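Hi,

Here is the structure I said I would pass on to you. Have a look at it below, and then read on for what turned up when I went through it.

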Amino acid sequence: MRDAGSLIGNPRPVSRAPYPAPRIPYPVSRTPYPVPRIPYPVSRTPMSTWIRIAAAADCPPGEAREFLVEDRIIALFHAGGGFYALDGICPHQGGPLGRGSVQGCVVTCPWHGWQFDVTTGQHQANRVLKQPSYPVKVEGPDVFVAVDG
Ligand code: FES
């Protein structure tokens with residue numbers, strides 16, 4: 001006959017995670033050097049440079065022109081009684097918006113017909129698409145566009 005101790009058997013050691021858990025020093029330093037703090041609020045206004053891109057007479061009312069300004073193509077529109085500038089490369093397949101036809105304040109890309117509001121850059125069929133625009137000013141006979149520095 002077995003005794004009660006032999007039915008239970010010898011208890012096996014239970015493996016456990018070491019306790020107490022190793023302490024992690026707080027705060028944890030993630031960089032071996034001090035990280036410079038950026039003052040808040042961060043200025044989100046980049047430095048812009050006004051560049052003369054055309055004479056006002058170069059772009060008659062209801063028309064568009066394209067200009068190479070530094071490293072970018074800018075489409076200039078004379079529509080709705082004012083001048084407006086958009087990124088001249090159509091986001092569809094790179095068509096020349098500055099060679100599109102202007103009706104009212106809408107330019108139609110000459111390649112496949114995408115249409116944008118020249119005053120805002122808003123695509124006329126897709127609310128998500130917005131063509132980048134540039135500030136424009138007219139001083140005397142000249143048209144200037146503000147380009148990020
Ligand atoms: S490239 Fe402009 S609509 Fe296709």
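Let's start with the contacts: among those in the protein with a separation of 6 or more, 42% are between residues 24 or more positions apart. Keep in mind that this is a predicted model.

On the overall make-up, the protein has one helix and ten strands. Out of 149 residues, 20% count as buried.

How far can you trust it? The mean pLDDT of the protein is 80, and 68% of the residues reach 70 or more. By element, confidence is lowest in helix α1 (residues 4-8), with a mean of 51, and highest in β7, at 97. There is also a stretch, residues 38-44, where the pLDDT is below 50, and beyond near neighbours in sequence it has zero contacts in the model. Where pLDDT is low, the predicted coordinates should not be read in detail.

Now for the hairpin of β3 and β4. Strand β3 (residues 72-79) and strand β4 (residues 82-87) run antiparallel and are joined by six bridges. One of the pairs here is Leu-76 with its bridge partner Ala-85 in β4. Two residues sit between the strands of this hairpin, and Gly-80 takes a positive phi near 60° there.

Another residue with a positive phi is Glu-70, at about 50°, although Glu-70 is not a glycine. You'll find Glu-70 in the loop between β2 (63-69) and β3.

Which residues is Ala-85 in contact with, leaving aside its neighbours within four places in sequence? They are Ile-74, Ala-75, Leu-76, Ser-133, Tyr-134, Val-136 and Val-145.

That brings us to the largest nonpolar core, which has 22 residues. Ala-85 is among those with the most contacts inside this core, together with Ala-75, Leu-76 and Phe-77. The elements giving two or more residues to the core are β3, β4 and β10 (142-148). Of these, β3 gives the most, with five residues.

Lastly, there is an open sheet of three strands in the order β5-β6-β7, with antiparallel pairing. Strand β6 (residues 106-108) is joined to β7 by three bridges, and the two run antiparallel. If you want a place to look at in that pair, Val-107 stands opposite Phe-116 in β7.

Cheers

Notes:
Residues numbered from 1 in each chain as written. Predicted model: local features only at pLDDT ≥ 70, side-chain atom pairs only at ≥ 80, totals over all residues. Pairing = 2+ DSSP bridges. Helix = DSSP H or I, 4+ residues; strand = E, 2+ residues; numbered from the N terminus. Core = buried A, V, L, I, M, F, W, Y, C linked by C-beta atoms within 7 Å. Buried ≥ 20, exposed ≤ 12 C-beta atoms within 10 Å, placed from the backbone. Contact = placed C-beta atoms within 7 Å. pLDDT = per-residue confidence, 0-100.
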